[in-house]
Amino acid sequence: MKKMFTTAVMAVTVSALVLSGCGKKEESNTGASATPAGTAAASAAPASDNSGKDFKIGMVTDIGGVNDKSFNQSAWEGLTLLKKETSASVKNLESKSDADYTTNLNQFVKDGYNLTWGIGFLMGDAVKTVATQNPNTKLAIIDNVVDAPNVESVTFSEQEGAFLVGVVAGMTTKTNKIGFVGGIDIPVIKRFEAGFVAGIKAVNPSATVKINYTGAFDKPDLGKAAAATIYNDGADIIFHAAGSTGNGVFNEAKDRAKNGKKVWVIGVDKDQSLEFGDDVTLTSMLKRVDQAVVRVSKDLIAGKFTGGKTVVLGLKDDGVGLPETSKKNVSADILKKVDEYKAKIISGEVKVPETP
């Protein structure tokens, strides 16, 4: 059964995120801080209501690691906020390889955690196995659908947000050559690719897009090499959907900027201008994993966790989109066009493809 978050509910979560600030260090075997790099702190944080003081919630990362500046880090920031607001105990375990997925999930089950998150499409089989073997435990997963009565699945309409940054890229490029760097060739990343290319073509049919899949989410050196090849072919903008591999795309852009060459990167998942700077970050495609983690975890604390459910978040739910910092490097005319397409996608006038 698919159920969409309402815009009103997501707006409440957005407000909570805006009001939240830095917290004290969280429980973690990795030493990840409560406010990882790239998170802006507010001057005042809301007091905890202590509703979750008796709850333990764990998170297992995929191979990108908790400080990937992207997907996993966003999820961890969500749990960090959850602890601040509810006093729940939170912890993460990093997976160095796919062999660690089941082991790490089972560690939280063994330790009596009330909810265990698997972060990423690649963890689908492991979450299914652990859920089947432990029917009385509760699990949740991001970016995959696990058909089990004790698992809640959260997916996103990445193609919708990617379409909008495609509009930005198509209207910004001066060379009519644009790149896309993906991590592993899986359905989630193909949705990014499909939406991005569709957005470019909608506003700039003359533009060409060079696609490069690195085969990894945790190899910045591969991202840097892929970006170098694409930039050398004449592209002036690259959108990455590659986890920490995408950090290498930014590194390549920065190296070129130091040599007086103007190129852009479009970030993913988080507002990556906060980490890599406005000099090379054109905009980012936000994917609000943090909000999804907070919402489902709060449902658990409130006794409303519903296993066997899939939640899909898109533009109309504010689950994907562009950050406010886009105004720094994207012209008002282009942002107006972005808003026009956003309205058309939400209304159904524009259908964004999920596959290339």
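Guide: Begin with confidence, since this is a predicted model. Over residues 1-44, pLDDT stays under 50. The model has 100 contacts beyond four places in sequence for residues 1-44. Where pLDDT is low, the predicted coordinates should not be read in detail.

Visitor: What is the mean pLDDT of the protein chain?

Guide: The mean is 89, and 87% of the residues reach 70 or more.

Visitor: At what angle do helices α3 and α4 pack?

Guide: Helix α3 (residues 100-110) and helix α4 (residues 124-133) pack at about 40°, and their axes are 9 Å apart. Their crossing is right-handed. On the α3 side, the contact is made by Tyr 101, Thr 102, Leu 105, Asn 106 and Val 109, and on the α4 side by Ala 126, Val 127 and Val 130. By class, six of these residues are nonpolar, two are polar and none is charged.

Visitor: What span should helix α6 have?

Guide: At 1.5 Å a residue, the 17 residues of α6 (residues 187-203) should span 24 Å. The C-alpha atoms at its ends are 25 Å apart, which agrees.

Visitor: Is Thr 155 buried or exposed?

Guide: Buried means under 20% relative accessible area. Thr 155 has 12%, so it is buried. Thr 155 lies in strand β6 (residues 151-156). Beyond four places in sequence, Thr 155 touches residues including Asp 143, Val 145, Thr 310 and Leu 313.

Key: Residues are numbered from 1 along each chain as its sequence is written. This is a predicted model: local features need pLDDT of at least 70, side-chain atom pairs count only at pLDDT 80 or more; totals for chains, interfaces and linings use all residues. Side-chain values use heavy atoms; hydrogens and water are left out. pLDDT is the predictor's confidence in each residue, from 0 to 100. Contact means heavy atoms within 4.5 Å. Axes are lines fitted to C-alpha atoms, for helices over the stretch in contact, and angles run from 0 to 180 degrees between N-to-C directions. Helices (H or I, at least four residues) and strands (E, at least two) are DSSP runs, numbered from the N terminus. A crossing is left-handed if the near helix is turned anticlockwise from the far one by less than a right angle, and right-handed if clockwise. Ala, Val, Leu, Ile, Met, Phe, Trp, Tyr, Cys and Pro count as nonpolar, Asp, Glu, Lys and Arg as charged, and the others, Gly among them, as polar. The expected span of a helix is 1.5 Å times one less than its number of residues. Buried means under 20% relative accessible area, exposed over 50%, partly exposed in between (1.4 Å probe, protein chains only).
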